[in-house]
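Thank you for coming, everyone.

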Amino acid sequence: MNYWNPEIETMSRDALTELQNGRLKKALAHAYKNCKPYRAKMESAGMEPGDIKGIDDLWKLPMTVKNDLRDSYPYGMFAVPMKDVVRIHASSGTTGKQTVVGYTAGDIAIWGECMARCLTMAGATSEDIVHVSYGYGLFTGGLGGHIGGETIGAATIPASTGNTKRQLQMFTDFGSTVLLCTPSYAMHLGDAVMEAGIRDQIKLRVGVFGAEPWTEEMRDEIESRLGVRAHDIYGLSEVMGPGVSCDCGERKGLHVMEDHFLVEIVDPATGKPVPDGTPGELVFTCVTKEALPLIRYNTRDICTIDRSPCACGRNLTRMGKITGRTDDMLIIRGVNVFPSQVESVLLGTAGVAPYYRLVVDRVNNLDTLEIQVEMTEGLFSDEERRIESLVRRIEKDVLSTLGISAKVTMVSHGTIERFEGKAKRVLDKR
Ligand SMILES: [Zn+2]
């Protein structure tokens, strides 16, 4: 079995709960003592750390949101002196200030441990050549993937993003066997490999893709282009970076590293926990972090959790694939629409390339949705009847999946922008 840390990964639920209870109490005491914004939050809720006896009381604590971090820009929520901080990352927001996060040497070591568990879970070993095509820089993807590769003892290539031609050359010349990047970049690299006709010259066998939501259909597309077994990895800089969870060989959900991160799902409207299996917002509490404590951080990502044991032997709770973010959710004519729903429809349709763009507008006070879809290379514009029937079929499928009508526009192959990092697929003109 592929375990990096079998003791933790297969620990019984009772033993894990005991470990979590002890760590939660310590984490709360640390946050309360050393981080002013947390002390203020708890005081205004009339609470102190002693009120929380264990994880069953977790829901009583106030939640933390991205704005709390922005309001304390840059270091206001750090709970250790700067001399103990060894790394800074930041995530760029589309508006306003960046969210700045810090790590102690201990935090970095835990990151390496979590990433090592993920890569091992996906089937990577010290024999592999790990090719990291996430961006290196303030974004946590590059260095997060990197520390995972090095921790398992694999030869790790800091390829970063961009210069696709050079990426392909490294695939063939350096013999990369494991690829880490965003799913949209994996798709782009896959297309480039097919186009260059070098599929039989590359040795990639495992893909670990994350940093944006993607569908099972997208997984199939990437696997067929790159010849990899594709795994989903999840993380965000506020919590740590990549490595918070990853899917195992069973690929029935992503195992959360629960000895470090407590996971809850809450109702987006009320903030109250929902029963396991019910979709809601994903909330994390970090119980071992030193530099930047994080108590009940609402990620705004939508998914479900499953606490039943997995056939892989792990007892760690599994999160379902992220189906969207409450931030990304579009409300069109009063209906909640996630771009991932449209992606599922499109990728299940022959003749359609896996590139699309949603354009939302308001005409005469009515919301409109246009879905720009790229045709596959083989589908030429002179086959007008075929394209016309394809458009009608997609419009029908979108209506039955989303519950609203949309105008589908077919565009020629290669016209929709390709992304090396996170894809931007929505243009909201309202
Ligand atoms: Zn499993």
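This is a predicted model: local features need pLDDT of at least 70, side-chain atom pairs count only at pLDDT 80 or more; totals for chains, interfaces and linings use all residues.

I start with an open sheet in which four strands follow the order 20-19-18-21, with mixed pairing. The edges are held by strand 20 (407-411) and strand 21 (426-428), and each has a single partner strand, so one side of each is left without a neighbour in the sheet. From one strand to the next the twist averages 20 degrees.

Residues are numbered from 1 along each chain as its sequence is written.

As for terms, helices (H or I, at least four residues) and strands (E, at least two) are DSSP runs, numbered from the N terminus, and two strands pair if DSSP finds at least two bridges between them.

Strand 19 (residues 366-375) pairs with strand 20 in the parallel sense, over five bridges, and isoleucine 371 stands opposite valine 408 in strand 20. Across strand 19 and strand 20 lies helix 11 (residues 384-402), which runs at about 140 degrees to strand 20; here axes are lines fitted to C-alpha atoms, for helices over the stretch in contact, and angles run from 0 to 180 degrees between N-to-C directions. Contact means that the C-beta atoms of two residues, placed from the backbone, lie within 7 Å.

Let me turn to the interior. A nonpolar core is a set of buried Ala, Val, Leu, Ile, Met, Phe, Trp, Tyr and Cys residues joined through C-beta atoms within 7 Å, where buried means 20 or more other C-beta atoms within 10 Å of a residue's own, exposed means 12 or fewer, and partly exposed is in between, with C-beta atoms placed from the backbone. The largest such core has 93 residues, and Val208 and Phe261 are among those with the most contacts inside it. Helix 5 (residues 105-121) gives the most to this core, with eight residues. Apart from it lies another core of 19 residues, including Tyr355 and Met375.

Finally, which residue other than glycine has a positive phi of about 45 degrees? That is arginine 296, in strand 12 (residues 294-303), and arginine 296 is buried because 20 other C-beta atoms lie within 10 Å.
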